[in-house]
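Please read them with the structure open.

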Amino acid sequence: MNPREKEASQSPKTKKIELRGILLVVPTYLWLIVTFLIPVISVLMLSFAELHPVTKNIVSFPTMNNYLTLFTNLDYVVVLLRTLLLTVAVTISSVGLAYAVAYFITFKILKNKYTILLAFQAPYIASYMMVLLAWRLLLGRSGVINSLLMSMGLTSGPIELLGYNAFSVWLVLTATWFPWLILPIFVSLEKIDRSLLEASQDLGASPFTTFLKVTFPLSLPGVFVAILFVFIPTIGEFVAPAVVGGTTGLMFGNLIYDFFLKGFRWDIGSAFAVCLLCIVILAVLVLFRKIGFEKLMESL
Amino acid sequence: MKIDVELKNVTKKYGEIVAVDDVSFAVERGQFFSLLGPSGCGKTTTLRMISGFETPTEGEIFIEGKPMTNVPPFKRPTNLVFQNLALFPHMNVFDNIAFGLRIKKVPENEIQKRVKEMLELVRLPGYEKRKISQLSGGEKQRIAIVRALVNRPAVLLLDEPLGPLDLKLREEMIVELKRIKREVGTTFIYVTHDQGEALTMSDKIVVMNKGKVVQIGTPMEIYEKPKSKFVADFIGGTNFFEGKYTDGAVEVDGLGKISIESGAHVSKKTLLLSVKPEKICIGKKLKKVDNIFDGKVTESFYQGRAITYKVLLENDSLITVVAPSYGMERVFGIGEKVKVGWNKEDARVIT
Ligand SMILES: Nc1ncnc2c1ncn2[C@@H]1O[C@H](COP(=O)(O)OP(=O)(O)OP(=O)(O)O)[C@@H](O)[C@H]1O
Ligand SMILES: [Mg+2]
């Protein structure tokens, strides 16, 4: 809301409309509370409890033991750090790739823009599991790619990087995420008034400077949305690492999964999940502050 | 006189469409030069070619004597005020104005000084921190003008900058623009479809129609001595009379003789005369007027400063008369019989 609108909203009539708007939003919020807040609170409570491994009765509450388990075990800390690193890497590469494609479609393609845009979404016709399994066939020490390279005599042994490891997880996540991220970036690039870019050049900025000073800042809302789109699901990802991660590419999500469904340590699993949640909240807050979210959206 | 901008036989085609057709003109240093013409006549295209956003299909453009072919927009000594202003929404007023100077790596204290000067020039001191969305239409207009002017271009190009403003604000901005022009002395090329704006501000006007230049001249020449039917009609509207020339007068069918100035005639052939609406007087009785005809008022519009009448003459032609409301006897009603008349020097021979 810009200040003019704010002034306007002081009048009684607009206040009434505002109230009606709030009433419309309330049911949705209630739904959110039921489906989101209740599970989150349960997990939060559980993370401070110690359950009997067999009977699942609460042995002690509250306790920090579950959190201590995480931070005193170097293996877990390593997985956490790897997860953070992988998430940042996937975010940067997929948003970067999506930006390049979106930029190209917006400014360089004159005909059938929207068809081309849609074509990039084609991979999503296939289910995530199917795509992942295909990647599993392609990658691996004796996967399709390595076998082909060896049979053509291009390499003598298998390329280790293309085995089941963290690199493969990064590759697969980047490849599966970036088409989806093209959309928000495209929307904000397409929204930029072309005369602004001309005005910049008219004032002496080269095309590259124009990109840095005008195009990129004005596309930030799209970039911001794209970052959220990829960062949040990636930090909690457990399927891709399970399929192509091998032992060295496991992520934090896999630990939580195992505690809940294999080790039946819901208490420890909960503590791990809470840690993940805190990281996400922190990251989102930092991003909000950094970009000045509301201000940024307002100016457009 | 030094020539700042020169177009030599410039043509611009978009496929089959000829947007600008063999246009040539020269703009002298320090002139307020206007491109005037109806919508779609190629004004914006001409301006975009001067600023480098379009390349001429044929012909060449010179700025300060240098040919501009192959010079990209960001290297030309011109600055453009866009038709839609194109202020950067993610920057405040100061950053908008400072944009060009920062690109040119002007020292920061110099930038501060020049932006301040510019804001004073357009009477908006203290507006530095304002966001673009917090400005009124007229304020945006002024910021857009100084964002271009602060770079001290050889030529300032303006594309209908007053288009979206209401009448009152437009009139204020016209005065403002003339003052700014006087204070900075830069060459202005001003595009408009509004003859009033062009006449008020310009030193020289190019009238364009369908991509072609139809007349170049001072506002007075354009208005008083139109060379074509189009110009006579486009600039302020006019009344046409067609007839045969016979010693000192034009014989119009069903109306009679219209005497015209000696020397303005051509040989014995059909002539087209143009008489501007405000040069015609209207009354019950007319004295000391060279040509007087009978007519009947069919419509009248009271407009405050003036009254516009539509008068039906005896040859069934309808003419427009604009009578000043000053010193007027009374408003003539519809159907009333009146006399209309004009002096011979006010009838212009067009062809
Ligand atoms: N990129 C383009 N492609 C095809 N035709 C164009 C293009 N730009 C302009 N034209 C055509 O060229 C002609 C001149 O356009 P231009 O924008 O110069 O008109 P204008 O005099 O500025 O009109 P207005 O007063 O409405 O702004 C028009 O007929 C227009 O349709
Ligand atoms: Mg135009």
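The numbered points below cover conventions, the ligand site, the chain interface and two single residues.

1. Conventions. This is a predicted model: local features need pLDDT of at least 70, side-chain atom pairs count only at pLDDT 80 or more, and totals for chains, interfaces and linings use all residues. Residues are numbered from 1 along each chain as its sequence is written, chains are lettered from A and ligands numbered from 1 in the order written, and side-chain values use heavy atoms, without hydrogens and water.

2. Shell of ligand 1. The residues around ligand 1 include Tyr14(B), Ile17(B), Lys43(B), Thr44(B) and Glu160(B); a residue is near when one of its heavy atoms lies within 4 Å. The shell divides into four nonpolar, six polar and two charged residues. Here Ala, Val, Leu, Ile, Met, Phe, Trp, Tyr, Cys and Pro count as nonpolar, Asp, Glu, Lys and Arg as charged, and the others, Gly among them, as polar.

3. Polar contacts of ligand 1. These are pairs of N or O atoms within 3.5 Å. An N or O atom in the side chain of Thr45(B) is 2.5 Å from a ligand oxygen. A polar backbone atom of Gly42(B) is 3.0 Å from an oxygen of ligand 1. For Gln83(B), a polar side-chain atom lies 3.4 Å from a ligand oxygen. The protein covers 62% of the 640 Å² of accessible area that ligand 1 has on its own (Shrake-Rupley method, 1.4 Å probe).

4. Elements at the site. Strand E2 (17-28) and helix H1 (43-51) of chain B each give two or more residues to the shell. H1(B) gives the most, with three. Helices (H or I, at least four residues) and strands (E, at least two) are DSSP runs, numbered from the N terminus.

5. Interface. 23 residues of chain A are in contact with 29 residues of chain B, contact being heavy atoms within 4.5 Å. The buried area is about 2,100 Å², with 60% from carbon and sulfur atoms; this is the accessible area (1.4 Å probe) that the two parts lose on being put together, summed over both. Glu198(A), Asp202(A) and Leu203(A) supply 32% of the area that chain A buries against chain B, more than any other three residues.

6. Ser51(B). Ser51(B) is in helix H1 of chain B. Is Ser51(B) buried or exposed? Ser51(B) is buried, at a relative accessible area of 0% (buried is under 20%, exposed over 50%, partly exposed in between; 1.4 Å probe, protein chains only). Not counting residues up to four places away in sequence, Ser51(B) touches residues including Asp202(A), Pro73(B) and Leu157(B).

7. Ala122(A). Ala122(A) sits in the loop between helix H5 (113-119) and helix H6 (128-138) of chain A. Ala122(A) is partly exposed, at 37%.

Methods
Polar contact = N/O pair within 3.5 Å; in protein donor to acceptor, adjacent residues only side chain to side chain.
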